[in-house]
Amino acid sequence: MLIAIVIVLILAVMILIIYNLSIHKKIQTYKNINQKINNLSVVQDFMSTIGETSTVDEKIKKINNILIEKYEIKYSTIVVFNGAEYEIKASNVDERHWEALKSLQDVDMFKDSISQATPKYVTVNNNQERLPYQQMEFGRAKSAIFFPLYIDNVYIGYWIIESGTPHDFDNVDTTVLEVIKDNIVSVLKTVVHQKTLETIVRKDLFSGLYSEEYLYGEGRKIIDQYTTSTICMFKITNLEEINHKCSRELGNEVIENISEHIKENISDQYVFVRYMGPKFVIVFSGVEINGVADYINDLKENIEQTKIISNEDERIGAFPRLNFTISTYYKGTGLEEILKKLEEYLDNCDVNESDITHI
């Protein structure tokens, strides 16, 4: 009888153990599924941020804020080498600590991490200690994980997360953090071309206007505040003739006069740039084509009826001829594709054409 009871108890214990293991496995599965869903949500937020019309620096700051919110990270800092120096692209740490945070590549404990492309976890054992890389601060961070960042095997900076609690990252899932790090790298890689455009924007010497690249950065921020806009590209069709028959100086004055006339007669919400050579672009932000037709007609007529006299020789002058083409731009579509079509039309139409064409 006693043996039977013992056997029943053993079987009951085994069943409970199996049941508990099954429950634990289901909980782990649930946690993994939940984590995957959370990671997917973060990736979607990343992609949405990339598609926004903000600057590269604003995008990186928003991405850092997403990490802090979604993963409940106490402190998160992204540092990137810009070719000359290390700069903090995003951080929720007080700025008085930034000098230390953007110099971590010089700290011995992180040098191996950078050279081996592996994360480095550092912590203290109690609240009276401080992390080795901390200089001015004492009580802010008690544990940290350092992630070197690479694009195509080229080291470009690092991401560091910190906590105010000792050993806070002892049991953290590093595979999840590695996924986050890879997403950060993907974002940095994606926006590098936008950063290049923002950097190379220049003002034209004669017109005083921004170059074409402005349209794809700061200009797009203005344009994409509206669902639809009208893109207008025009060409001074006889600029080359003025340069040859009169003088290049007069040609420059033609560009300067036309640019000044248009700048004085358009709204600040419109984007006006010198596109290339004799071609210019006006983006009438938030305005449909039928809303700008009369304005363009008047603009063309006023400019073409104005003789521009040389500042060096009043006997020399010329009447500019303009050829206009316009199209509708829808927010979120390819601005560069529309501009390419407008440019192709102006470059391939009859040299004597002086009209307003809707594409």
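Predicted model: local features only at pLDDT ≥ 70, side-chain atom pairs only at ≥ 80, totals over all residues.

Student: Which residue in E5 does Ile78 stand opposite?

Tutor: Strands of a sheet pair through backbone hydrogen bonds, either parallel or antiparallel. In the antiparallel pairing of E1 with E5, the residue in E5 that stands opposite Ile78 is Trp159.

Student: Which strands stand at the edges of the sheet?

Tutor: The sheet is open and has 5 strands, paired antiparallel in the order E2-E1-E5-E4-E3. A strand with a single partner has one side left without a neighbour in the sheet, and so the strands at the edges are E2 (86-91) and E3.

Student: At about what angle to E4 does helix H4 run?

Tutor: Helix H4 is made of residues 108-116, and this helix lies across E3, E4 and E5. Its direction relative to E4 is given by an angle of about 35°.

Student: Is Arg130 buried, partly exposed or exposed?

Tutor: Arg130 has its place in the loop between strand E3 (120-123) and strand E4 (143-151). Its relative accessible area is 40%, and buried means under 20% while exposed means over 50%. Arg130 therefore counts as partly exposed.

Student: How far apart in space are Arg130 and Pro166, C-alpha to C-alpha?

Tutor: Along the sequence, Arg130 and Pro166 are 36 residues apart. In space, from C-alpha to C-alpha, the distance between Arg130 and Pro166 is 9.6 Å.

Conventions: Residues numbered from 1 in each chain as written. Heavy atoms only, no water. Helix = DSSP H or I, 4+ residues; strand = E, 2+ residues; numbered from the N terminus. Buried < 20%, exposed > 50% of the residue type's maximum accessible area, 1.4 Å probe, protein only. Pairing = 2+ DSSP bridges. Contact = heavy atoms within 4.5 Å. Axes fitted to C-alpha atoms, helices over the stretch in contact; angles between N-to-C directions.
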